[in-house]
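Subject: Structure handover and notes

Hello,

Here is the structure I said I would pass on.

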Amino acid sequence: MGRTSRSLLGLAVAVAASVTVLAVPAGARAATAHSACDASLVAPSGSLIGGLWRSNGGENSVYGCPTGKEFGYPDKRGSWQTFRNGKIVWSPSLGDGTLVRAYGKGNKVVFKWSGLGRDWDFFNVRWSKDGGRATQVKVGRLTPWSGQYIMTPYCDGDVCSTTNGHEVNRFAFIVQGCDRGTFGSDCGPWSIPTSVRVAH
C-alpha cells in the first residue's frame, strides 16, 4: 500500500471516528453522567406530594430528589416528604388537596401553598428561624386558593451575607386563609408546619 493510500485510509478512519462521536446526542451523554433519584423514595402516583413533585419537573424541579420516603402523621391526617432542597406537606386541615412547601433558592427562602378547599381574601403566614419567636405577615393571594411568601433572610437591601455554607438555619412556616369582615377578619385553621434547612 502506497503512502497516498495509507494517508487516505487514515483520514477515512479519523472522519468515521469523528462522525461516530458527533452522532451521539448531547442529552444521551448527559444522561449517563447524571444519576437519577432513588426510585424507592419517590412517592407513588396516587400521592398528592408525588404528583406535585412530578408536575414541577421531578428531580429537575426546585425541590430536587427526595431524601426520604413520604410519611404520615401518627396523630392527624396528612403526610410529609423531605427533598434535597426543601419539604412538601399535605395539610388536609385546610382542604383535602392542600399542599404547603418550602425550599431554598439562591439567597431566597420560598414558602408556597395551594389547593385550599375554599377561596380566601388574604393569608396570614407565620415563620420562625431555628425554633425562635414566630413572625406573622399578611400576604395577598396569587389565586383564591393559593399564595406564596418569599424572603431573603441573609440580605439587607442589595448586600447579602454568607458563611460559605458553615451555618445552617431551619426556617419553619404555617399559613391560614382569612376573609375580610365588617368587624375584623374571619380566619380558618392553620396548616400543618413545613420547613426547610438552608446553608448560607
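Residues are numbered from 1 along each chain as its sequence is written, and side-chain values use heavy atoms, with hydrogens and water left out.

Confidence. pLDDT is the predictor's confidence in each residue, from 0 to 100. The chain has an average pLDDT of 83, and 81% of the residues score at least 70. Over residues 3-34 the pLDDT is below 50, and beyond near neighbours in sequence this stretch has five contacts in the model (contact: heavy atoms within 4.5 Å). Where pLDDT is low, the predicted coordinates should not be read in detail.

Disulfides. A disulfide is taken as a pair of cysteine sulfur atoms within 2.5 Å, and by this rule there are two. In one, the sulfur atoms of cysteine 37 and cysteine 65 lie 2.0 Å apart. This pair links distant parts of the chain, 28 residues apart: cysteine 37 sits in the loop between helix H2 (26-33) and helix H3 (48-55), and cysteine 65 in the loop between H3 and strand E1 (71-72). Helices (H or I, at least four residues) and strands (E, at least two) are DSSP runs, numbered from the N terminus. The link is left-handed, with -80° about the S-S bond. Both cysteine 37 and cysteine 65 are buried (buried is under 20% relative accessible area, exposed over 50%, partly exposed in between; 1.4 Å probe, protein chains only).

Cysteine 178 and cysteine 187 form a disulfide with sulfur atoms 2.1 Å apart. It is right-handed because the torsion about its S-S bond is about 110°. Cysteine 178 is buried at 0% relative accessible area, whereas cysteine 187 is partly exposed at 30%.

Strands. E1 and E2 pair antiparallel over two bridges (pairing needs at least two DSSP bridges). Phenylalanine 71 has tryptophan 80 in E2 as its bridge partner. E2 (residues 79-83) is also joined to E3 (residues 86-90), antiparallel, by five bridges, and a hairpin of two residues connects them.

Serine 128. This residue is in strand E6 (residues 122-129) and is buried, at 13% relative accessible area.

Regards

How values were computed:
This is a predicted model: local features need pLDDT of at least 70, side-chain atom pairs count only at pLDDT 80 or more; totals for chains, interfaces and linings use all residues.
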